[in-house]
Amino acid sequence: MTQSRFHSFSDVESALRFQPQDLVDLVLEIRSIVARVNPSATERLHSRGLTFYDADKGGTITGGICFVDIHDDHVRLRFGLGAFLEDPRSLLTGDRRYMRHMDISSFDDAPWTDIEALIQASANLDSSKLNS
């Protein structure tokens with residue numbers, strides 16, 4: 001098994017220091033879910049969020065788990081191959097060929113169980129077996 005490629009908590013806090021704390025809390029919860037479902041994921045930091053992928057499978061799309069972007073009043077959770085994920089509650093939207101996303105505005109109203117299931121499904125997705 002590949003070792004974890006997560007940044008330190010302080011590095012993540014520093015990268016997101018200019019973002020609203022309520023939205024940072026959403027990002028940190030999603031980060032915690034990714035770490036739980038795929039401890040060997042690779043994490044990329046940017047000033048408005050995080051990207052997670054499985055480097056053993058490829059880059060941010062072929063090995064992609066999710067993208068987490070902070071917007072003005074919500075966090076957008078994106079899945080590069082979201083069109084191929086089971087989404088029984090139709091939480092994901094988007095009109096791009098494969099990319100799907102969901103917007104999360106409130107920690108208390110977020111469907112955390114469904115979010116974890118989507119992240120788990122994305123982490124388990126084998127893009128080499130998909131028919132495009």
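These exercises work through a predicted model, one region at a time.

**Exercise 1. Helix 3**

Work out where the buried residues of helix 3 lie around its axis, and what they pack against.

*Solution.* 
- Step 1. Start with the length. Helix 3 has 13 residues and spans 18 Å from first C-alpha to last, close to the 18 Å expected.
- Step 2. Pick out the buried residues: Trp 112, Ile 115, Leu 118, Ile 119, Ser 122 and Ala 123.
- Step 3. They cover an arc of only 135 degrees around the axis, so they sit on the same side of helix 3.
- Step 4. Recall the general rule. An α-helix has 3.6 residues a turn, so residues three or four places apart point the same way.
- Step 5. Turn to the face away from the buried side. It carries the exposed residues Thr 113 and Asn 124.
- Step 6. Find the partners. The buried residues of helix 3 pack against helix 2, strand 3, strand 4 and strand 5.

**Exercise 2. His 74**

Decide whether His 74 is buried or exposed, and list what it touches.

*Solution.* 
- Step 1. Locate His 74: it is in the loop between strand 3 (64-70) and strand 4 (75-79).
- Step 2. Its relative accessible area is 13%. Buried means under 20%. Therefore His 74 is buried.
- Step 3. Check the side chain. It makes a polar contact with the side chain of Asp 73, at 2.8 Å.
- Step 4. Leave out residues up to four places away in sequence. His 74 then touches Leu 23, Asp 69, Asp 103, Ile 104 and Ser 105.

**Exercise 3. An aromatic pair**

Classify the pair formed by Phe 6 and Phe 52.

*Solution.* 
- Step 1. The whole structure has three aromatic pairs. Among them is Phe 6 with Phe 52.
- Step 2. The centres are 5.8 Å apart, with 40 degrees between the planes. Stacked needs under 30 degrees and edge-to-face over 60. The pair is therefore tilted.
- Step 3. Phe 6 lies in the segment before helix 1 (9-15) and Phe 52 in strand 2, 46 residues apart.
- Step 4. Phe 52 counts as buried, at 1% relative accessibility.

Definitions and conventions:
Residues are numbered from 1 along each chain as its sequence is written. This is a predicted model: local features need pLDDT of at least 70, side-chain atom pairs count only at pLDDT 80 or more; totals for chains, interfaces and linings use all residues. Side-chain values use heavy atoms; hydrogens and water are left out. Helices (H or I, at least four residues) and strands (E, at least two) are DSSP runs, numbered from the N terminus. Buried means under 20% relative accessible area, exposed over 50%, partly exposed in between (1.4 Å probe, protein chains only). A polar contact is a pair of N or O atoms within 3.5 Å; within protein, one must be able to donate a hydrogen and the other to accept it, and residues adjacent in sequence count only if both atoms are side-chain atoms. Contact means heavy atoms within 4.5 Å. The expected span of a helix is 1.5 Å times one less than its number of residues. The arc is that of the directions from the helix axis to the C-beta atoms. Rings of Phe, Tyr and Trp (its six-membered ring) pair if their centres lie within 6.5 Å; planes under 30 degrees apart count as stacked, over 60 as edge-to-face and the rest as tilted.
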